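Here are my notes on the model you sent. Please read them with the structure open.

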Amino acid sequence: IKDLLQKYEGKATSLGTLKRVAGDFFVVEQEGVASMYPLAVIHMLRIVKDEEAGTETLEIHLVAKD
């Protein structure tokens with residue numbers, strides 16, 4: 001998972017712009033607010049390709065809270 005996330009550093013994701021992947025955490029920024037998440041809370045990663053626009057977007061789904 002970490003290697004895949006590192007490929008998307010600096011790009012927009014479903015949680016915001018992926019700023020950093022290091023150790024056992026990743027940092028995203030959305031509207032000037034940075035959030036840090038442990039890699040262990042990732043439930044699923046989806047790569048959505050838009051062939052018409054020629055873009056890829058990474059969707060990050062986190063483990064739901066009770």
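**Notes on the hairpins and the core**

1. Start with the hairpin of strand 2 and strand 3. Two residues lie between these strands, and Gly 23 takes a positive phi near 55 degrees there. Keep in mind that this is a predicted model.

2. Next, the pairing behind that turn. Strand 2 covers residues 16-22 and strand 3 covers residues 25-30. The two run antiparallel and are joined by five bridges. For a landmark, find Thr 17, which stands opposite Glu 29 in strand 3.

3. Strand 3 also pairs with strand 4, residues 33-38. This pair is antiparallel as well, with six bridges. Phe 25 stands opposite Pro 38 in strand 4.

4. Now look at the turn of this second hairpin. Two residues separate strand 3 from strand 4, and Glu 31 has a positive phi near 55 degrees. That deserves a remark, as Glu 31 is a residue other than glycine. Is Glu 31 buried or exposed? Glu 31 sits in the loop between strand 3 and strand 4. Its relative accessible area is 78%, so Glu 31 counts as exposed, the cut-off being over 50%.

5. Thr 13 is the contrasting case. This residue belongs to strand 1, residues 12-13. Its relative accessibility is 10%; Thr 13 is therefore buried, since the limit is under 20%.

6. Which residues make up the largest nonpolar core? There are ten: Leu 5, Tyr 8, Leu 18, Val 21, Phe 26, Val 28, Leu 39, Ile 42, Leu 58 and Ile 60. Strand 2, strand 3 and strand 6 (55-62) each supply at least two residues of this core. As a general point, nonpolar side chains tend to be buried together in soluble globular proteins.

7. Finally, check Leu 5, one of the core residues. Setting aside neighbours within four places in sequence, Leu 5 is in contact with Leu 18, Val 21, Phe 26, Leu 39, Ile 42, Leu 45, Leu 58 and Ile 60.

Definitions and conventions:
Residues numbered from 1 in each chain as written. Predicted model: local features only at pLDDT ≥ 70, side-chain atom pairs only at ≥ 80, totals over all residues. Heavy atoms only, no water. Pairing = 2+ DSSP bridges. Helix = DSSP H or I, 4+ residues; strand = E, 2+ residues; numbered from the N terminus. Buried < 20%, exposed > 50% of the residue type's maximum accessible area, 1.4 Å probe, protein only. Core = buried A, V, L, I, M, F, W, Y, C linked by side-chain atoms within 4.5 Å. Contact = heavy atoms within 4.5 Å.
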